[in-house]
Number of protein chains: 4
Amino acid sequence: MSAAIVKNQGDGVGRTASKEFRRHQLIMGAIVSISKFGLSGTTVTTITSAADLSVGLVNFHFGSKQKLLEETLRFLAGEHREQWRESVRNSGMAPAEKLLAIVDAHFVPHICNRDKLTVWFGFYGEAGYRAHYRDIMSEIDAERWDVSADLCRQIVEEGGYENIDPEHVAESLEGFYDGFWLNILIYPEDFSRQDAKNRIRTYLATTFPRHSSEFRTVAQED
Amino acid sequence: MSAAIVKNQGDGVGRTASKEFRRHQLIMGAIVSISKFGLSGTTVTTITSAADLSVGLVNFHFGSKQKLLEETLRFLAGEHREQWRESVRNSGMAPAEKLLAIVDAHFVPHICNRDKLTVWFGFYGEAGYRAHYRDIMSEIDAERWDVSADLCRQIVEEGGYENIDPEHVAESLEGFYDGFWLNILIYPEDFSRQDAKNRIRTYLATTFPRHSSEFRTVAQED
Amino acid sequence: MSAAIVKNQGDGVGRTASKEFRRHQLIMGAIVSISKFGLSGTTVTTITSAADLSVGLVNFHFGSKQKLLEETLRFLAGEHREQWRESVRNSGMAPAEKLLAIVDAHFVPHICNRDKLTVWFGFYGEAGYRAHYRDIMSEIDAERWDVSADLCRQIVEEGGYENIDPEHVAESLEGFYDGFWLNILIYPEDFSRQDAKNRIRTYLATTFPRHSSEFRTVAQED
Amino acid sequence: MSAAIVKNQGDGVGRTASKEFRRHQLIMGAIVSISKFGLSGTTVTTITSAADLSVGLVNFHFGSKQKLLEETLRFLAGEHREQWRESVRNSGMAPAEKLLAIVDAHFVPHICNRDKLTVWFGFYGEAGYRAHYRDIMSEIDAERWDVSADLCRQIVEEGGYENIDPEHVAESLEGFYDGFWLNILIYPEDFSRQDAKNRIRTYLATTFPRHSSEFRTVAQED
DNA sequence: AATGAATGAGACTTCATTCAT
DNA sequence: CATGAATGAAGTCTCATTCAT
């Protein structure tokens, strides 16, 4: 067995890392670059420099810069999905608990930090006219929206909240996620992940008063 | 008064429009271009084509493309400010009424339409790493935040709402604005200006129950 | 008689200065601009700014920027010619005296200063491939060469200098003029007009030893 | 050794010439272009066309057109230095012989031809106001001046020439070099390299009469 | 597979010239 | 005559993509 073949097993060092590993390296390079230079300031060179790879690899592994960027968005979206799916995996949780877990999943440092928010809003900034990006996002968003709306529905039933449309609550939550992300990105001095979580907790406690004990504010970053 | 003199005052036809008029034309061209091609897809040529002017004018009137873009952002921000300032000008309004007027000012068609939202999020997408844009935005945002927080404070006093921090409410409103804007931009089929206004009304009515009659939902676009 | 007509007499103030005066203003603007920004850094705008006139006048009075530059070169050449012609006008001077007067005419502050040398070498720099400039220069140079060579011939005859070709002396003088101008331009700290004049005096005194008393070095700038 | 390897070492054909070779190609392209179109008429396109390379390479290899031009000047200056250094390398030469070798080094066809003189005066034309060019030139000039002045000093001592300042002779020589270069450039019909060398020889023979046999005029181009 | 020099379209900007006033 | 905004060709530079090694 030659050294090259050993290397090929995916340790990621040297010229023969697995295809998948190289793709991942490039996606990470793209994230780093976008967070540093913005989407418009990101070039194939900034991406590959960040990944410490040669420029030729982008087209070799992704076909084009554009495809790599789409994969990068897909990667972030997937990472986000993993985060909230994981947080509600425990089947023993009550609906309110699960809903709160989804809320919190939006504000864990791993997902909600300046670097990644910069990337997210870089893509949002183009989503207005570039349908492709919108499609990638909506795939993920739709699933989460369904789950959230369903949990709200269960909470409404549990609490017997008349006059509350669970879908409206789910919509409001979506608004909070994006709005607070943007505020965290642009005004990090004035608005923190902690603030975001507590504003949403207050909203939920007020909306579902009979579940308010489940939406207690948190004292500090977990 | 001759036609020529009228013309010279800035009807914008021919070589003799006023400087201010040309600047405005170019800013409008920038908005159209960004909404069509995105911020990164906007070139001096797309801007001047949209404005039906020659490319040289961008540098002649603004010094650089970058400066024109900054002025464009400033223009949007100013327009937004005029909108909400105008809406609370009537000194006879109650605090809750004024607050609602500010809310609604975010969702008038003149401000909140796909074209302009595309431009806004184009800039937000760069604001993460380009401090200059952030500075232009925060100037405007700060003022509105102060006014909103003050109105919330008055409502809290009026209603004797204990345990409600007016600044937290103002923060939540800011979150709603940005979050709903993004949802209107990306999912226009699923989420309308109308929806946004009603979700916020519900939030306010729930938060300030003794003022709920002032936060009635609206039936359809005004 | 209207005010406009009075103005037209050539005081150079206001909108109706004589054609000739405007042309002169623009030529002076060109000299100032070239000395400040070089020939390649000189634009119609830098010229007209220096002359405190509007850009349109260049094409109005000269037809094109290029024509103005040619006139500028012609102006400098003419100025130079006036200088040495004037210096030998006195018919009572001896040939050696006249020759020295021509030499000195090259190094009077009015002709030989950083600003004007910058302009001269700006044109020389293009003369290599632009025949037009060369033609303008040679017109003037030829006349001076003839006069100088003739004076040298007279000195050779006076002194009975065998083995001295007067044309060779004239050639050497031409070399000194240009070479010392360049050194004054590029190394003003190390080489002065005074130095130039004295190096040439020494050359002439050595070459024409029996006239050496007429080529005494000068102690300091006149 | 295979042909491919030879190629790779820099024959300049195809996409694989060495970096150094490409830089040299571009410098040569710059010289050709400047001699044909002048410094101000030289564009990245004229340079790369002359070098038969694509426009992108200028920025790839030099960072900017300006840097390439500076390197071009440095190249010429270096070439000139090599020429005169080489000419005085033989330690057995007498000072007068060495001095004459330096003189002649200025007028070898390889250095002193219309193309290169055009380039030199193109740069001189900007040196008046662009300190960067002046710095590059003076580095080289200073060394040569020191050597020349030192040789003159030795000749003065050898010949016991009282009243002769060796530095003044060195200054006069510098004047001759530049002045004759300009005359060769502008009046090639009337003034040749041969003329220049002989005028300087006569100057030296007259100045250092006891060494005159060492400064005999040359009959024709070597 | 990987590299990185090479390519060239297209971006921003400059500026000589034009022309309505 | 004079002004200076407008035009658009042409300049420099960037960068996604290609391809010989």
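In which sense, right-handed or left-handed, does α5(A) pass α6(A) in the crossing? In this predicted model, α5(A) passes α6(A) in a right-handed crossing. Helix α5 of chain A spans residues 65–87 and helix α6 of chain A spans residues 95–105; their axes come within 8 Å and cross at roughly 155°. Angles over 145 degrees count as roughly antiparallel, and α5(A) and α6(A) are therefore roughly antiparallel to each other. On the side of α5(A), the contact is made by Q83(A), W84(A) and S87(A). The residues contributed by α6(A) are A101(A), I102(A), D104(A) and A105(A). Classified by residue type, this contact of α5(A) with α6(A) consists of four nonpolar, two polar and one charged residues.

The relation between chains was examined next. Two copies of a chain are related by a rotation about an axis and a shift along it. Of the contact residues of chain A, 98% recur in chain B, and the same surface serves both copies.

For chains C and D, chain D is superposed on chain C by a rotation of 179° with 0.0 Å of shift along its axis, at an RMSD of 0.1 Å. The two copies are thus related as by a two-fold rotation axis. Within chain D, the C-alpha nearest the axis belongs to G179(D), at a distance of 1.9 Å.

The contact between these two chains takes 42 residues from chain D and 41 residues from chain C. On the side of chain D that touches chain C, at least two residues each are supplied by α2 (19–37), α7 (114–127), α8 (131–159), α9 (166–186) and α10 (193–207) of chain D. Of the contributions to this side, that of α9(D) is the most, with 14 residues. By class, the residues of the side of chain D that touches chain C comprise 17 nonpolar, 15 polar and ten charged. Of the interface residues of chain D, 95% are also interface residues in chain C, so the copies meet through the same surface.

Conventions. Residues are numbered from 1 along each chain as its sequence is written. Chains are lettered from A and ligands numbered from 1 in the order in which they are written. This is a predicted model: local features need pLDDT of at least 70, side-chain atom pairs count only at pLDDT 80 or more; totals for chains, interfaces and linings use all residues. Copies are superposed by least squares on the C-alpha atoms of residues with pLDDT of at least 70 in both. Two residues are in contact if their C-beta atoms, placed from the backbone, lie within 7 Å. Helices (H or I, at least four residues) and strands (E, at least two) are DSSP runs, numbered from the N terminus. Ala, Val, Leu, Ile, Met, Phe, Trp, Tyr, Cys and Pro count as nonpolar, Asp, Glu, Lys and Arg as charged, and the others, Gly among them, as polar. Axes are lines fitted to C-alpha atoms, for helices over the stretch in contact, and angles run from 0 to 180 degrees between N-to-C directions. Angles under 35 degrees count as roughly parallel, over 145 as roughly antiparallel, 65 to 115 as roughly perpendicular and the rest as oblique. A crossing is left-handed if the near helix is turned anticlockwise from the far one by less than a right angle, and right-handed if clockwise.
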